[in-house]
Amino acid sequence: MSIFTKFFIFLSFIFLTHNFSNAQDVSVGFSHDINVPAQDNPLWGNDVMIVNNEPEGPIGGIKANDGTIWVAINDTTISDGRGLVFYKSTNSGANWTQHGTFIQPAFIADQVKMLKAGDSTYCFFRIAGSIYRFNVGNNSFDAFDSTNVSHFDVVSSSTNNLYLFWSNTFNQVRRIGSVDGGFTWSGAGLVSSSTWKPNMFMSPSGDTLSLTYRGAGDDMTVINRFGYRESGPGTMATVSPSGAVLTAGTPRSQYYPFKYLNVVWIVYTEGTSPGMSLKCIVSTNNGTNFGAPIDIAANVNVDNFWFSGGISPTGSFRGLDLFWVKDSAGATDKLMYVGCQVTTPSTFPTPATISQNPPVFSTRGYTPCAIELGNADVGVVFVALNSGTRRVYFDRYDAITGIRNNNTIADNYSLSQNYPNPFNPSTTINFSIPKSEYVSLKVYDIMGKEIATLVNSEMNMGSYSVDFNAANLSSGVYFYKLISGDFTEVKRMTLIK
């Protein structure tokens, strides 16, 4: 007998006969598309509003292989009687529409995870002790035949197989695989007893899976790691033994592994509020050994937490993308970003503020969601506050930086005067670098306070143009500073409204 309960689509909905703790039936409904406009007059982050509502729970997102960006929003307030609604963008996140299919009735999912496998795009979600799978392309819908799940994670391989790991109320971490998109599952196995909360990441190079999990009953401090590799369709084989990579000590409430080539990053938060830090440990030999902890963002009396990340395997940047919320101790909260190259995996540059609107922390659990877009581009979905309303936004790296390569050879360093100057509200800054290296271009007010980070990444030799939009700034004098290698230059510009 299959471990999944089968469902059938009848006209406008699919009824689920699997019971969960709230004794509700979950089904799929259909609605008309709703156009969602982009927010006007961004400062430089180009925050694009997806929906003008605060989610009731976690959010998820993924870019499908056809280029569509999907976002699953855990919400019962957008429309009555709906639990999960889906939004999509076909123009790299510039505009969003509500998908015609939704999950009903009204419920709050404890976890939401979107992923792709071949031409299919899936949303896995957990309500209480049960896991559900939904294909947003063909509306197929199944429930995992279990009622005692406490946490899960799911990944796909380059051969489009799915691997589901979960912890149960018996303090076990178990695993299973599927070769047909989650209709049937096989290869069930026990990962470990007296453990819980598995989080995992499938490397885009080599189908190697890094698994992190906790020991049952610990004090939220110990983090263990296990390594697997796909050995056949729907089958995983152990490639590195289980063991604690972070032993008992300071509380570590959030943790997640990332892997690319032979590099493994385990990113985690450490400490308690206020003063929660974002850290990582790095292995350059596929997880056999890890170095000492590295501070990514550590500030006294400031929380750096609620992180999300991904791996960019192609393009000018190859490595780890990280986003997190910086609770700025009474000041405006910030959504932060940093990129770490796989060639220098223990070096994290100065983080950049990337959102126009301040992100929101909530016990509802809607952690920012990183979405890898390909060709070194990355996006993030997050909840932020605007005019007293909590809304869901999307930011994109290429839109944030607004960098254009002028395709000319540069013989020396230069930072040109912005044009036009004075300006209102937009201006263009040109600069050149004679060799490939890390570049920082930031804007400051007359008091020396950082206003915007326009460039904060490794760049190839050449000449570049960067647009700066100051629509939300007051008239006055501002300064922009270029740092590239040993070269530093500052110029002045004037905003007149």
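Two strands count as paired if DSSP finds at least two bridges between them. Strands (E, at least two residues) and helices (H or I, at least four) are DSSP runs, numbered from the N terminus.

## Basis of the model

This is a predicted model, in which local features need pLDDT of at least 70 and side-chain atom pairs count only at pLDDT 80 or more, while totals for chains, interfaces and linings use all residues. Residues are numbered from 1 along each chain as its sequence is written, and side-chain values use heavy atoms, with hydrogens and water left out.

## The sheet E23 to E26

Strand E24 (residues 263-270) pairs with E25 in the antiparallel sense over seven bridges. Glu 270 stands opposite Ser 277 in E25. Both strands belong to an open sheet of four strands with the order E23-E24-E25-E26 and antiparallel pairing. Strand E23 (255-260) and E26 are the edge strands, each pairing on one side only. On average, neighbouring strands of this sheet are turned by 30° against each other, direction ignored. Such angles run from 0 to 180 degrees between N-to-C directions, and the axes are lines fitted to C-alpha atoms, for helices over the stretch in contact.

A salt bridge (a side-chain nitrogen of Lys or Arg within 4 Å of a carboxyl oxygen of Asp or Glu) joins Lys 279 and Asp 295, at 3.6 Å from N to O. Lys 279 is in strand E25 (residues 277-283) and Asp 295 in strand E26 (residues 294-297), 16 residues apart, and the pair links distant parts of the chain. Buried means under 20% relative accessible area, exposed over 50% and partly exposed in between, with a 1.4 Å probe and protein chains only. Lys 279 counts as buried at 17% relative accessibility, whereas Asp 295 counts as partly exposed at 47%.

## The sheet E15 to E18

A further open sheet of four strands has the order E15-E16-E17-E18, also with antiparallel pairing. Its edge strands are E15 and strand E18 (186-193), each of which pairs on one side only. Neighbouring strands here are turned by 20° against each other on average, direction ignored. Strand E16 (residues 162-168) and strand E17 (residues 172-178) run antiparallel and are joined by six bridges. Within this pair, Leu 162 stands opposite Ser 178 in E17.

The side chains of Lys 113 and Asp 153 form a salt bridge, with 2.7 Å from N to O. Lys 113 lies in strand E11 (residues 111-117) and Asp 153 in strand E15 (residues 149-156), so the pair ties together parts that are 40 residues apart in sequence. Asp 153 is buried at 5% relative accessibility, while Lys 113 is partly exposed at 21%.

All six of the six residues of strand E13 (residues 130-135) are buried, so the strand is largely enclosed by the rest of the structure. Ser 130, Tyr 132 and Phe 134 are buried on one side, and Ile 131, Arg 133 and Asn 135 on the other, which leaves both faces covered.

Strand E12 (residues 120-127) pairs with E13 in the antiparallel sense over six bridges, and Phe 125 stands opposite Tyr 132. The hairpin of E12 and E13 has two residues between the strands, and Ala 128 takes a positive phi near 55° there. E13 is also joined to strand E14 (residues 141-144) by three bridges, again antiparallel. Ala 143 in E14 is the bridge partner of Tyr 132. Five residues lie between E13 and E14 in their hairpin, where Asn 139 in the turn has a positive phi of about 65°.

## Other salt bridges

Twelve salt bridges are found in the whole structure. One of them joins the side chains of Asp 377 and Arg 396, at 2.6 Å from N to O. The pair links distant parts of the chain, with Asp 377 in strand E32 (residues 377-386) and Arg 396 in strand E33 (residues 389-396), 19 residues apart. Asp 377 is buried, with a relative accessible area of 5%, and Arg 396 is partly exposed at 22%. Glu 54, Glu 56, Arg 364 and Arg 390 are linked in a network of salt bridges.

## The nonpolar core

A nonpolar core is a set of buried Ala, Val, Leu, Ile, Met, Phe, Trp, Tyr and Cys residues joined through side-chain atoms within 4.5 Å. The largest one holds 39 residues, of which Ile 50, Ile 73, Trp 96 and Val 381 touch the most other members. E32 gives the most to this core, with six residues.
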